[in-house]
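Biologist: I would like to learn how to read salt bridges and nonpolar cores in a model of this kind. Could we take them one at a time?

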Amino acid sequence: MEGFMHYLKTRTASLLTELDKRLLVVLRDGRTLIGELRSVDQFANVVLESTIERIHVGNKYGDISRGVFIVRGDNIVLLGEMDVLKEKSSGLKEVSVEEILEAQRVELLQKEQLEKRFNYLRHERGLAPFMPDMGLDDYA
């Protein structure tokens, strides 16, 4: 445990060089946030200002303004500085919030239908349905 705490402190210290920069943060639940890093602590908890939540569906994206956002360090999967030039030349098309939310809803419905079909086929073969949230990873 002591080694992990040393690792965490050194990683957090390197975040201090990113203060006041525009960062992209990917969370464990899959959300993507973009905001200016204003504060960080020894647990890698971060405070983002002028934050937007970016939703991607296919080659489209939409931004939802979120303002000041506090993120627990253990919820962060990926964190990095935004490159404005690469962002503009990414080939993604920006659409309205309403359009991206509708596209996200349709995508989720399609995934649910596919999962139902998959579970039906598993049931037909005498197999248990796929249950990704059974918590088995907690005991590995």
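Biologist: Which side chains does Glu81 meet in a salt bridge, and how should I read such a pair?

Modeller: A salt bridge is counted when a side-chain nitrogen of Lys or Arg lies within 4 Å of a carboxyl oxygen of Asp or Glu. Here the side chain of Glu81 pairs with that of Lys21, at 3.9 Å from N to O. This is a predicted model, in which local features need pLDDT of at least 70 and side-chain atom pairs count only at pLDDT 80 or more, while totals for chains, interfaces and linings use all residues. Residues are numbered from 1 along each chain as its sequence is written, and side-chain values use heavy atoms, with hydrogens and water left out.

Biologist: Where in the chain do Glu81 and Lys21 lie?

Modeller: Helices (H or I, at least four residues) and strands (E, at least two) are DSSP runs numbered from the N terminus. Glu81 belongs to strand β5 (residues 76-81), whereas Lys21 sits in the loop between α1 (2-15) and β1, so that the pair links distant parts of the chain, 60 residues apart.

Biologist: Why does Lys21 count as partly exposed?

Modeller: Buried means under 20% relative accessible area, exposed over 50%, and partly exposed in between, with a 1.4 Å probe and protein chains only. Lys21 counts as partly exposed because its relative accessibility is 29%.

Biologist: How many salt bridges does the structure hold?

Modeller: There are eleven salt bridges. One of them joins Glu36 to Arg38, with the closest N and O atoms 2.4 Å apart, and a network of salt bridges links Asp20, Glu36, Arg38 and Glu49. Another salt bridge joins Arg105 and Glu102 at 2.7 Å, N to O; both residues lie in helix α3 (residues 97-124), three residues apart, about one turn of the helix.

Biologist: Which residues make up the largest nonpolar core?

Modeller: A nonpolar core is a set of buried Ala, Val, Leu, Ile, Met, Phe, Trp, Tyr and Cys residues joined through side-chain atoms within 4.5 Å. The largest one has eleven residues in all, namely Leu15, Leu23, Val25, Leu27, Leu33, Leu37, Val40, Val46, Leu48, Phe69 and Val71. Two or more of these residues come from each of β1 (22-27), β2 (32-40), β3 (46-57) and β4 (60-71). A second, separate core of five residues includes Ile55, Ile64, Val95 and Ile100.
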